[in-house]
Amino acid sequence: MKSLLKKIYPKRNPWTHKGKHGYVLIVAGSKRYSGSPVFNALSALRAGADLITIVGPKRAMDIAATFSPDLICYPLDTDYLEEKNLPEILEISKIFNSLVIGGGLGREKKTFQAILKIIQKINLPMVIDADAIHALSQKKEILKNKKAVITPHIKEFEVLTGEKVLPNVSDRKEKVKKWAKKLKTVILLKGHIDVISDGNKIFLNKTGSPFMSKGGFGDTLAGICGAILARGFSPFESACAASYINGKAGELASEKYNEGVLASDIFEEIPKVIKNFLD
């Protein structure tokens, strides 16, 4: 892991400029859920992305925009993502290096249809998370020729594959590898020990804390992964590194707050983890 993180975060050229370290497009949020886009976005920025833009329904974007001036928010004139939003999103996507999709989008039928169209039509390396996994389960064949990382927890893995996983590593290794190979993608199964596979290689990440069971820590993971994908690293490398960083940052935050830890507490910890690997 040390060598991978040093490769992702080398010493910066003093003549570098905005855009060299990745632009991340985030499609997230809904009338009901406004936190996921913020977790995605700030985690991506803290993981080194130069710029993020969040696209989502107006209420979620208005809330996100007031959270931090670092967030560029593009509001859609709908309560939930719909197919009619597609032309705007496709046009926006042209300047980005990676896509993060799924957090807080909801499970409306029209939203699932829009998610599937976005995954089909946008040819960026992408992180498929949360509600986008539920949508993807209805049409898994659209993953063909995509550079993607799918980030399910155990229930989402079951929705995606139809298989339950047991609380032991050997069962999870077998099933994650099998389905990653079958779908020709990278799967990052979240848990006490994260299991990551591209269908051939397997990586086990042991960073993290039991206090990270609260909502939002999956969103931060997706944001970090999107930032690393935007730097041009492979889905497998990005998933492994993001899993480590998110878990280690969560450990640091959990040491401070224990039962009271919040997903937003790791925003300050992500740079500390990465700093350990900078030249």
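Predicted model: local features only at pLDDT ≥ 70, side-chain atom pairs only at ≥ 80, totals over all residues.
Glutamate 158 lies in helix H7, which covers residues 154-161. The protein chain holds 11 helices and nine strands.

**Glutamate 158 and its surroundings**
- Not counting residues up to four places away in sequence, glutamate 158 touches Glu163 and Lys164.
- Glutamate 141 is 17 residues from glutamate 158 in sequence. In space, their C-alpha atoms are 17 Å apart.

**The chain as a whole**
- Along the principal axes, the C-alpha atoms of the protein chain fill a box of roughly 45 × 45 × 35 Å.
- Buried residues account for 58% of the 279 residues.
- The protein chain exposes about 12,600 Å². Carbon and sulfur atoms supply 52% of that area.
- Take the contacts between residues at least 6 apart in sequence: 64% of them join residues at least 24 apart.
- The protein chain carries 43 positive and 29 negative charges. The mean positions of the two sets are 5 Å apart.

- Leucine 4 sits in helix H1, residues 2-8.
- Leucine 4 counts as buried, because its relative accessibility is 14% and the buried class lies under 20%.
- Leaving aside neighbours within four places in sequence, leucine 4 is in contact with Glu237, Cys240 and Ala241.
- Glutamate 237 is 233 residues from leucine 4 along the chain. Their C-alpha atoms are separated by 7.6 Å.

**Strands S1 and S2**
- Strand S2 spans residues 51-57, and seven of its seven residues are buried, so S2 is largely enclosed by the rest of the structure.
- Strand S1, residues 23-27, runs parallel to S2. Five bridges join the two strands.
- Valine 27 has valine 55 in S2 as its bridge partner.

- Strand S8 covers residues 194-197 and strand S9 covers residues 202-205. The two run antiparallel, joined by four bridges.
- Valine 195 stands opposite leucine 204 in S9.
- Four residues lie between the strands of this hairpin. Glycine 199 takes a positive phi near 100° there.

- Alanine 130 is not a glycine, yet its phi is positive, at about 50°.
- Alanine 130 lies in the loop between strand S5 (126-128) and helix H6 (131-136).
- Alanine 130 is buried, with a relative accessible area of 13%.
- Lysine 184 is a residue other than glycine with a positive phi, near 55°.
- The loop between helix H8 (169-183) and strand S7 (186-189) holds lysine 184.
- Lysine 184 counts as exposed, because its relative accessibility is 68% and the exposed class lies over 50%.
- In short, alanine 130 is buried, whereas lysine 184 is exposed.

Notes
Residues numbered from 1 in each chain as written. Heavy atoms only, no water. Buried < 20%, exposed > 50% of the residue type's maximum accessible area, 1.4 Å probe, protein only. Contact = heavy atoms within 4.5 Å. Areas by Shrake-Rupley, 256 points an atom, 1.4 Å probe, with all protein chains shown as cover. Lys, Arg positive; Asp, Glu negative; His and termini not counted. Charge placed at Lys NZ, Arg CZ, Asp CG, Glu CD. Pairing = 2+ DSSP bridges.
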